[in-house]
Amino acid sequence: MEKSEDFNAGWWNCLISFAAELLRCDRHGAARTIKTVMKEAGVTDDELVGVLAKSDEIGMPEQVYDCLDNMYLD
């Protein structure tokens, strides 16, 4: 079980870093690309809400939070 949680945390950390860089480079197309990556990975709205609830705890940049907070996956 612990390995799965580590992988999940690592996946979200990677996605958050990717999203931050993408938003920095291409603000207009970033949300669409981020949404596509999450949908392809099978992320649900409930999972996204759970990660957003921990945004301060995991150090999510504000611009990434703002982008993800407006996103619906299901």
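Which helix is Ser55 found in? Hi everyone, let's start there. Ser55 sits in helix α4, which covers residues 55-58. Please keep in mind as we go that this is a predicted model.

Now, is Ser55 buried or exposed? Its relative accessibility is 9%, so Ser55 counts as buried, because the cut-off for buried is under 20%. Setting aside residues up to four places away in sequence, Ser55 touches Met60 and Tyr65.

Let's move on to the core. As a general point, nonpolar side chains in soluble globular proteins tend to be buried together. Here, the largest nonpolar core has 20 residues. Ile34, Met38, Leu48, Val64, Leu68 and Met71 are the ones with the most contacts inside that core. Which elements give two or more residues to this core? They are α1 (2-25), α2 (27-40), α3 (45-53) and α5 (62-69). Of these, α1 gives the most, with seven residues.

I'd like to pick out Met71 from that group. What is Met71 in contact with, once we leave aside its neighbours within four places in sequence? The partners are Ala31, Ile34, Lys35, Met38, Asp45 and Leu48. If you have the structure open, do click on Met71 and look around.

Next stop, helix α5. Three residues are buried there: Val64, Cys67 and Leu68. They lie on the same side of α5, because the arc they cover around the axis is only 90°.

Cys67 brings us to the cysteines. Cys67 has a relative accessible area of 14%, so this residue is buried. Cys14, on the other hand, has 53% relative accessibility and therefore counts as exposed, since the cut-off for exposed is over 50%. How many disulfides does a search of the whole structure find? The search finds zero.

Last topic: charges. Side chains of opposite charge can pair when their charged atoms come close. In this model the count comes to one salt bridge. The side chains that meet in this salt bridge belong to Arg24 and Glu21, at 2.4 Å from N to O. Where do these two lie? Both are in helix α1, three residues apart, which is about one turn of the helix. Arg24 counts as exposed, because its relative accessibility is 62%. Glu21 has 39%, so Glu21 counts as partly exposed.

Terms used:
Residues are numbered from 1 along each chain as its sequence is written. This is a predicted model: local features need pLDDT of at least 70, side-chain atom pairs count only at pLDDT 80 or more; totals for chains, interfaces and linings use all residues. Side-chain values use heavy atoms; hydrogens and water are left out. A nonpolar core is a set of buried Ala, Val, Leu, Ile, Met, Phe, Trp, Tyr and Cys residues joined through side-chain atoms within 4.5 Å. Buried means under 20% relative accessible area, exposed over 50%, partly exposed in between (1.4 Å probe, protein chains only). Helices (H or I, at least four residues) and strands (E, at least two) are DSSP runs, numbered from the N terminus. Contact means heavy atoms within 4.5 Å. A salt bridge is a side-chain nitrogen of Lys or Arg within 4 Å of a carboxyl oxygen of Asp or Glu. A disulfide is a pair of cysteine sulfur atoms within 2.5 Å. The arc is that of the directions from the helix axis to the C-beta atoms.
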